[in-house]
Amino acid sequence: MKISLTTDSVTQIAADAVVIGVCDNQQLQDAALQVDQASQGLLARLIEEREIDTTPYACTKIMHFPGMRSHRLVVVGLPPSAELSAGVAYKACGAAAKFLSGKARSRVACYLDTEPWEDAIAGWHVGAIGQDLFRATKKTFPIDEVVFPQRDQVAATHGIALGEAINLTRLLVNLPPNMLYPKVFVDHCQAVARANDMQIEIWDSQKLAAENCRALLAVGQAAAHEPYLVVLQYKGNPNSNEHWGWIGKGVTFDSGGLSIKPSESMLDMKCDMAGAATVLGALQAVAQMKLRVNITAVVGLVENMIGGNSYRLGDVITARNGTTIEIHNTDAEGRLVLADCLDVAISRGANHLVDLATLTGACMVALGRFVAGGMTNHPAWYARLARAADECGEPLWQLPMFADYRDQIRSQVADIKNVGDGRWGGAITAAKFLQEFVRDVPWVHLDIAGPSFQDKPSAWVDAGASGVFVRTLVRMAEESQD
Ligand code: BES
Ligand code: MN
Ligand code: ZN
């Protein structure tokens, strides 16, 4: 998608379609006001008569609007102007893109007046790409060019980097599990590393054994596809003492193992590598923007399958950090993968950690499909992430890490077991398990089981992978440059 700038006004511009925004129940502003004046008040009348829907992110198309040089006007509903924010810019532009991408368009002009521009451009990228990767008849068509009224060039390159990163994350999650297995994900990591001049280490099963990553290996041991762990290093600020570790769960398919999932719950389990995909996407964006931060990304890539060589209930496994784990449920595999990845990140010197994982159905029971659960051992580090998430409009809610929950993962035969007692508080007992592997390094765990993958489309993004939390991670990096 080409992003270009114009000095033409909204009424003068020549494009396949011109997009403007109207805040719900408010006076017309900026571009909308100009369109209204050029049409002698027609825009306001149509809104009053409810021919134009101004509920947030609704889109209405009007042909041959008077006073306009372009033949197609698209009006996007926005929340009240007091609420305009990065999340609104992203969603409004996503909605316009999704609305317009039902047909091929070569040149679209965006006069939405939403800020920041970065998120607006990202929204255009995301809305115009769907999940119909393998359909003969596509539902969405990429838009060749989006023209904006004059703005800051740096924000444009950042917005493109952000949009492409989110779409990379979405693509990886949307690819079916027969096409995206650990080795294929590794190839994508390698491509990102090469294109951005990053150091990469690829650990195959032999190296994983030598590194004592027995927990990760146990999960992958019944799969025909080899497991991998990838370490990517981005060094953007040699003068900073902060060294972040971004850790992602990369289970390319989760059958549940011997604790097999029922068919309905297994269907979407290609999404179980969304944490790893989010980490890779965000890292690509940070590298392209050349942000002044230091990040070691660690992704654990395995397939949780069933076979004569499966790990069993009752097995005791020694994780990389020496902790022994009794397996009570082979479907609680993500925490085993992350246990070793967290330890690798710490041994690489990471002193601030964020892990992302589609970890528990319990988190969805607690918070629903749109909200991520956040858990931490360090309130100040959590607050930095939560602020970025809030600014981006990516819903996040903190869950408590009371010490009592730790009791539930005690095992009679090993140091810990891989599930709590029963289902209650399952998102928290999972986080308590992870906490065993972070020593006292400031750490945030994001359970993105709900928001990372959607059954239904929203106004601004197709169903399937959402790419959620790429923006939050990147924004946090942008805000942490010294
Ligand atoms: N990958 C699943 C969690 C999940 C569920 C992600 C739904 C996305 C949508 C995870 O590996 C899992 O199976 N967790 C179990 C844990 C339980 C056995 C303690 C769960 O949530 O049921
Ligand atoms: Mn599972
Ligand atoms: Zn899983």
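Colleague: What spacing do the donors of the manganese ion (ligand 2) follow along the chain?

Modeller: In this predicted model, the pattern is D-x76-D-x1-E. The protein donors are Asp254 (OD), Asp331 (O), Asp331 (OD) and Glu333 (OE), at 2.0 to 2.2 Å from the manganese ion (ligand 2).

Colleague: How do you know that these atoms are donors of the manganese ion (ligand 2)?

Modeller: The cut-off for this metal is 2.8 Å for N, O and S atoms. The listed atoms lie 2.0 to 2.2 Å from the manganese ion (ligand 2), so they count as donors.

Colleague: Why is the site of the manganese ion (ligand 2) called irregular?

Modeller: There are 6 donor atoms, with angles of 71 to 169° among them. For six donors to count as octahedral, opposite ones must be over 155 degrees apart and all others between 65 and 115; anything else is irregular. The set of angles at the manganese ion (ligand 2) is classed as irregular.

Colleague: And what makes the arrangement around the zinc ion (ligand 3) octahedral?

Modeller: Its 6 donor atoms subtend angles of 78 to 175°, which makes the arrangement octahedral. Ideal octahedral angles are 90 or 180 degrees. The protein donors of the zinc ion (ligand 3) are Lys249 (NZ), Asp254 (OD), Asp272 (OD) and Glu333 (OE), lying 2.0 to 2.4 Å away. Along the sequence, these residues are spaced K-x4-D-x17-D-x60-E.

Colleague: What makes the pair of Asp254 and Glu333 a tie between separate parts of the chain?

Modeller: Asp254 sits in strand S9, while Glu333 is in the loop between S12 and H11, so the two join parts that are 79 residues apart in sequence.

Colleague: Which residue bridges the zinc ion (ligand 3) and the manganese ion (ligand 2)?

Modeller: That is Asp254, and the two ions it bridges are 3.1 Å apart.

Colleague: Let's turn to the helices. How do H13 and H16 pack?

Modeller: Helix H13 (residues 379-392) and helix H16 (residues 470-478) meet at about 120°, and their axes are 8 Å apart. That makes H13 oblique to H16.

Colleague: Which residues of H13 and H16 meet?

Modeller: On H13 they are Trp381, Arg384, Leu385, Ala388, Ala389, Glu391 and Cys392, and on H16 they are Arg471, Thr472, Arg475 and Met476. This contact of H13 with H16 has 6 nonpolar, 1 polar and 4 charged residues.

Colleague: Why is H11 called roughly parallel to H15?

Modeller: H11 and helix H15 (residues 426-435) pack at about 30°, with axes 9 Å apart. That makes H11 roughly parallel to H15, because angles under 35 degrees count that way. The contact brings together Arg335, Leu336, Leu338, Ala339 and Leu342 of H11 with Ala430, Phe433 and Leu434 of H15. Of the residues in the contact of H11 with H15, 7 are nonpolar, none polar and 1 charged.

Colleague: What angle do helix H3 and helix H4 make?

Modeller: Helix H3 (residues 86-100) and helix H4 (residues 117-127) pack at about 35°, with 7 Å between their axes. H3 passes H4 in a right-handed crossing. The contact of H3 with H4 divides into 11 nonpolar, 3 polar and 2 charged residues.

Key: Residues numbered from 1 in each chain as written. Chains lettered and ligands numbered in written order. Predicted model: local features only at pLDDT ≥ 70, side-chain atom pairs only at ≥ 80, totals over all residues. Heavy atoms only, no water. Axes fitted to C-alpha atoms, helices over the stretch in contact; angles between N-to-C directions. Helix = DSSP H or I, 4+ residues; strand = E, 2+ residues; numbered from the N terminus. Parallel < 35°, antiparallel > 145°, perpendicular 65-115°, else oblique. Contact = heavy atoms within 4.5 Å. Nonpolar A, V, L, I, M, F, W, Y, C, P; charged D, E, K, R; others polar. Donors = N, O, S within 2.8 Å, 3.2 Å for Na, K, Ca; no water. Tetrahedral: all angles 85-135°; square planar, octahedral: opposite > 155°, others 65-115°. Left-handed = near helix turned anticlockwise from the far one by under 90°.
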